[in-house]
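I opened this notebook to keep track of what I looked up, entry by entry.

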Amino acid sequence: MRVQSFRTFGRMIWGRYFLTAGLQSCRCRVSCHVKRHFSFLPDDVKSLRAVVNPDISKIRNIGIMAHIDAGKTTTTERMLYYSGYTRALGDVDDGDTVTDFMAQERERGITIQSAAVTFDWKSHRINLIDTPGHVDFTLEVERALRVLDGAVAVFDASAGVEAQTLTVWRQAEKHHVPCVCFLNKMDKPAANLSFSIESIRQKLKANPVLLQIPVGSGKNFTGVVDLLTNQKLIWKRRSMGDDGRTFESKPLDQSDEPELLQEVNEARAALIEQVADLDDEFAELLLTDFSDSFDAVPSVKLQEAVRRVTLARKGVPVLCGSSLKNKGVQPLLDAIIAYLPAPNERHHDLVRWYKDDLCALAFKVLHDKQRGPLVFLRIYSGTLKPQTAVHNINRNSTERMSRLLVPFADQHVEIPSMTAGNIALTVGLKQTVTGDTIVSSKASAAAAARRAQNDNGMGKKRGEHATVVLSGVEVPDPVFFCTIEPPTMAKQADLDNALNCLQREDPSLKVRVDPDSGQTVLCGMGELHIEIVHDRIRREYGIETHLGPLQVAYRETVLHEASTTDTLDRTVGERRHVVTVELAVRPVDISSTVGSCELAFTEKVGRQLPQEMKDAVENGVHSSYLQGPLLGYPLQGVSTQIQSVNMEPGTSPAMVSACVSRCMLKALKLAGGKVLEPVMSLEVTVGEEHLSSVLGDLAQRRGTVRDIQSRHDDKVLLATVPLAEMMGYSTILRTLTSGNATFSLELDSYEAMNPQDQNTLLKRMAGLL
């Protein structure tokens, strides 16, 4: 492990040196460091301001997203190498890539947590986040896209759009992030450009704008033709160790293959027509200046139009290449600069109220044994400096930031300041968690709130800061849980500390204590998620824990409408508390929104009840939603209406909340209950010779087949299946297909269990089975 770490550090040293070289005038200590180690640096190193804080128009904050094994990390590794920030190409199979630095990532060959890297390409600063492709770690994609300005969606050109591609694409659309598509693995025998383009159009409902045509196919894939410039880019392999850094670029001419010339001409004409349909300014240019020959339009004008289309999210540029074979990555870097937005081209209404004051969002927390919690911040306005106090609006606390760093995977470079548009790593923020808004002071938040109130009349009764908090990250509910126990009770405190640190790093990990048994319960997004957490506790915290059996996180709902009334009459000391609550519960649609429960007041109650008592009622109702009457699982698909609240003067909010909780319990029991189980969307890619075996196994798992599609020589099976039936499925599938199949799972919905299965579950939970 030590040798691997040393190799990775050696490969990353150039990037660190380049960044740190700009700090010569920063401190004496850094200056001495530069003199000792930087004699080999080029003479044209930029000024401190240009290296650390480039002009905002030259910044690109992007993410790499895709289905698992589409080539995200390999593409990132090539970007770092070609930009000069690493001196050797890393490989996922060798476990020596820059962004997959966790031991678990290197052993499994997958990305588990998002990693940020910063590098320069053609006078532009690129802040890149490599995200996981596994569904268990979808929160990592969610919180990365929340703070990014653009994204590169990587596709396996032989598979097109896959299951997790749909998930990450929906996440990008939710945050209105412009995208560029990269069709990777064009060297595979089954790679198919037209199939991939059509799958983007049909499955993602996107408008693919093809900018390149591949030259050759399969093993004969040698390069691409740029449809904007008609330039042919060829990567000729001169030796076994050829790294693809140099490639040949020349214009197409009549000596090229007639089939290629015809394909390029047709594709360019289609591109011009498509862009004209999507961009009115470009269409007007064609009709006024190039009506005689659309093909004569300058490539610069066509590129500007493609950029406008991309930023307006009317279309997505599509490029192709093979990252593993070192082909097509440099044009992808050019496309990131040309088509994806700078931070000042993304409009965040809330940020303008801060003007030049600091406003940043914490989107990720890591724990370092030496430095404590490291908080990733996206700076939306103002300037961030070390050794300054900042105010956390969400926690209503002020903390002192000791150091400011530029993130480079697991290596970091200290800097003196950072301006708007950048992504920074901070040391010293001990209370900040994912989703918190960081500002320079309470006064600046109050000033921003006043500007917001004056601009939009959006003042809120709950407090003046409510309108000036950046929206955080939406955390999905866990679907699996199990008990976790330390080897001895003496280690319980250490385990609690480890779980607290891991929860802060990963908000999708939930930890609770069972009120009946007193056991610690670990709740996660899937089998792999919990397995990784267990492994990290062992490796990073030195605790050999024991996991109980993995269980599914069911939900409960009500069968029919029920109304009830309850009165609480209690004397505490010399004070008497009397409150009467009348409410009704009813079932609502459970298919539309996972975890949806509603609360409403009648018009009379809403008008007469003080805000303090409304909050108390809400607390009572929402606490009841956490534990259903059947098995104690959280409720879903329940609507509650508060019909009346009558209380004697002097009754405390706590007593109102207690009465509402008691009344809710009575109403839920009267309404009857049923158990909801998580149902997953399953996609299995398998050879036709093993299809019948997979179908037979799926039938035993209460699965429902939705479709069977053909993908080259394979079959793609689409089905829905209860999550409870998918325990250990990867091992069974490997046995059935001799290892020649892949699958992916994604939460589809919660559905009511049939009576027989529900009774079996109830008996098992009661210990009768």
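The entries below follow the order in which I looked things up.

**Entry 1: overall make-up**

I note at the start that this is a predicted model, and I read everything that follows with that in mind. I looked up the secondary structure and found 21 helices and 35 strands in the protein. I then turned to burial, where 55% of the 769 residues count as buried. For the contacts with a separation of 6 or more, I found that 72% join residues 24 or more positions apart.

**Entry 2: H4 against H12**

I looked up how helix H4, residues 72-82, sits against helix H12, residues 329-339, and found an angle of about 85° with the axes 10 Å apart. Angles of 65 to 115 degrees count as roughly perpendicular, so H4 is roughly perpendicular to H12. On the H4 side the contact involves Thr75, Arg78, Met79 and Tyr82, and these meet Val329, Gln330, Leu332, Leu333 and Ile336 of H12. Sorting the residues of this contact by class, I have six nonpolar, two polar and one charged.

**Entry 3: H10 against H11**

Next I took helix H10, residues 280-289, and helix H11, residues 299-311, which pack at about 155° with their axes 9 Å apart. An angle over 145 degrees counts as roughly antiparallel, and H10 and H11 are therefore roughly antiparallel to each other. The residues I listed for the contact are Glu281, Phe282 and Leu285 from H10, together with Lys301, Leu302, Ala305 and Arg308 from H11. By class I wrote down four nonpolar and three charged residues for the contact of H10 with H11, with no polar residue in it.

**Entry 4: H19 against H20**

For helix H19, residues 691-700, and helix H20, residues 729-737, I found axes that come within 9 Å and cross at roughly 145°. I also looked up the hand of this crossing of H19 and H20, which is right-handed. Ser693, Val694 and Asp697 make the contact from H19, while Tyr729, Ile732, Leu733, Leu736 and Thr737 make it from H20. The class count for H19 with H20 is five nonpolar, two polar and one charged.

**Entry 5: how covered is H6?**

How many of the ten residues of helix H6 are buried? I went through residues 138-147 and found ten of ten buried, which leaves H6 mostly covered.

**Entry 6: cysteines**

I asked how many disulfides there are, and the count comes to zero. In the case of Cys663, the nearest cysteine sulfur is that of Cys659, at 6.2 Å, whereas a disulfide needs the two sulfur atoms within 2.5 Å, so Cys663 is in no disulfide. Cys663 is buried at a relative accessible area of 0%, and Cys501 is likewise buried, at 13%.

I began with Leu429, which is found in the loop between strand E20, 423-427, and strand E21, 437-439. Leu429 counts as buried, at 0% relative accessibility. Leaving aside residues up to four places away in sequence, Leu429 touches Pro373, Val375, Leu377, Val390, Glu399, Met401 and Arg504. I also looked up Leu429 against Ala389, and their C-alpha atoms are 9.7 Å apart although 40 residues separate them in sequence.

Gly628 also lies in a loop, the one between helix H17, 611-625, and strand E31, 638-647, and it counts as buried at 9% relative accessibility. Beyond four places in sequence, Gly628 touches Glu556, Tyr633 and Leu635. Its C-alpha atom is 8.5 Å from that of Leu665, 37 residues away along the chain.

Is Glu683 buried or exposed? Glu683 has its place in strand E32, residues 673-687, and is buried with a relative accessible area of 11%. Not counting residues up to four places away, Glu683 touches several residues, among them Glu162, Ala163, Arg711, Leu718 and Phe743.

Conventions: Residues are numbered from 1 along each chain as its sequence is written. This is a predicted model: local features need pLDDT of at least 70, side-chain atom pairs count only at pLDDT 80 or more; totals for chains, interfaces and linings use all residues. Side-chain values use heavy atoms; hydrogens and water are left out. Axes are lines fitted to C-alpha atoms, for helices over the stretch in contact, and angles run from 0 to 180 degrees between N-to-C directions. Helices (H or I, at least four residues) and strands (E, at least two) are DSSP runs, numbered from the N terminus. Angles under 35 degrees count as roughly parallel, over 145 as roughly antiparallel, 65 to 115 as roughly perpendicular and the rest as oblique. Contact means heavy atoms within 4.5 Å. Ala, Val, Leu, Ile, Met, Phe, Trp, Tyr, Cys and Pro count as nonpolar, Asp, Glu, Lys and Arg as charged, and the others, Gly among them, as polar. A crossing is left-handed if the near helix is turned anticlockwise from the far one by less than a right angle, and right-handed if clockwise. Buried means under 20% relative accessible area, exposed over 50%, partly exposed in between (1.4 Å probe, protein chains only).
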